[in-house]
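Please read it alongside the sequence and structure shown next.

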Amino acid sequence: MTNTGLSDDQASAVQTEIGAIYERFASMTEGEVADYIPELAGADPASFGIAIVGVQGRVFEVGATAAPFTIQSISKPFVYGMALEDHGRDGVLEHVGVEPSGEAFNAIELDEVSNRPFNPMINSGAIATTALVAGDDHVARLHRILRGFGAYAGRDLQVDSATFFSERASGDRNRAIAYLMKSSGMLDADIEPLLELYFQQCSVLVTAHDLAVMGATLANGGLNPITGERVLAQRYVKDVLSIMLSCGMYDYSGEWAYRVGVPAKSGVSGGIVAVLPGQAGIAVWSPALDAKGNSARGVAVFEELSSRFSLHFLESLFHNNTIGHAIARSQPDA
């Protein structure tokens, strides 16, 4: 297939730029690997990969983009999309709000007025949206989540059993959150089966390449650019991206919107996925986290990408020659 957006020289230049950014941050040592989930504590803090997938399916990547890790909180926007499809915007809003909380992702706190979790990107809101996933029983709902994640990634995905068991054994704080919501009337599900589903959702294995494809699917209006499959109804894509922009980076979300300016979601296994609407999905994976729970190296890489290529959504309006626009027009090699 002929490339319509990038010549071979331009594509080589993009790969060179990404490689240079990778080399610049490869020696970074800031951050600590998450250890509150025992199974995550053994991750290599030096692991690092960058992947970009355009809405025409063009791929650029460098580093450990095929290394598996668990999706963790990056699962939240994708499950939120499933809840929207199952219940509609108004039905989901009855159970979870859309306001940034300003608190840690695992805060045991609800909105004092509505009793709802503040948003679906913190643990309380994510547990509430997991409870909204349709299915006749636990197995059916798990299969729906796995099928959905696989459709976003363009391949079958599976739960990492060791991480699931580790999360289940160490998940008392999430139990406290769930029982608080049940006592306030926000949950009517049995707590333990619901939390098992939530822990399984967070324990799905992905790669940085997978996350870039998942991001590109949202960038492409809910249509997977690799498989051509419709994964999310287009009318709900803006809802998912809005929440990612305002709430996706824990209590760093406001500064992220200021400094980077793209919808994104992070996870405590070190992944960050970002979406350039109409252009591309970008993923960075590196397990060492900063004090907010985001990949320290990942945040630094995205700040560099945004600054170097004018990716901020308020800046890109005035620049039609960003890397995202170029990759969006670029089709895969034959």
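**Charges over rings**

In this predicted model, K265 lies over the face of Y250, at 4.2 Å from the ring centre, where a charge sits over a ring if NZ of Lys or CZ of Arg is within 6 Å of the ring centre and within 35 degrees of the ring normal. The charged end of R297 likewise sits over the ring of F48, 5.0 Å from its centre. Local features need pLDDT of at least 70 and side-chain atom pairs pLDDT 80 or more, while totals for chains, interfaces and linings use all residues. Residues are numbered from 1 along each chain as its sequence is written, and side-chain values use heavy atoms, without hydrogens and water.

**Aromatic pairs**

- The whole structure holds seven aromatic pairs (Phe, Tyr or six-membered Trp rings with centres within 6.5 Å; stacked under 30 degrees between planes, edge-to-face over 60, tilted for the rest).
- One of them, F78 with F149, is edge-to-face at 6.5 Å centre to centre and 75° between the planes.
- Because F78 lies in helix α2 (residues 75-93) and F149 in helix α4 (residues 138-153), this pair ties together parts 71 residues apart in sequence (helices are DSSP runs of H or I, at least four residues, and strands runs of E, at least two, numbered from the N terminus).
- F78, F149 and Y152 form one aromatic cluster.

**Burial and cysteines**

- F78 is buried at 1% relative accessible area, as is F149 at 0% (buried is under 20%, exposed over 50%, partly exposed in between; 1.4 Å probe, protein chains only).
- C202, at 2%, and C247, at 4%, are buried, and a search of the whole structure finds zero disulfides (cysteine sulfur pairs within 2.5 Å).
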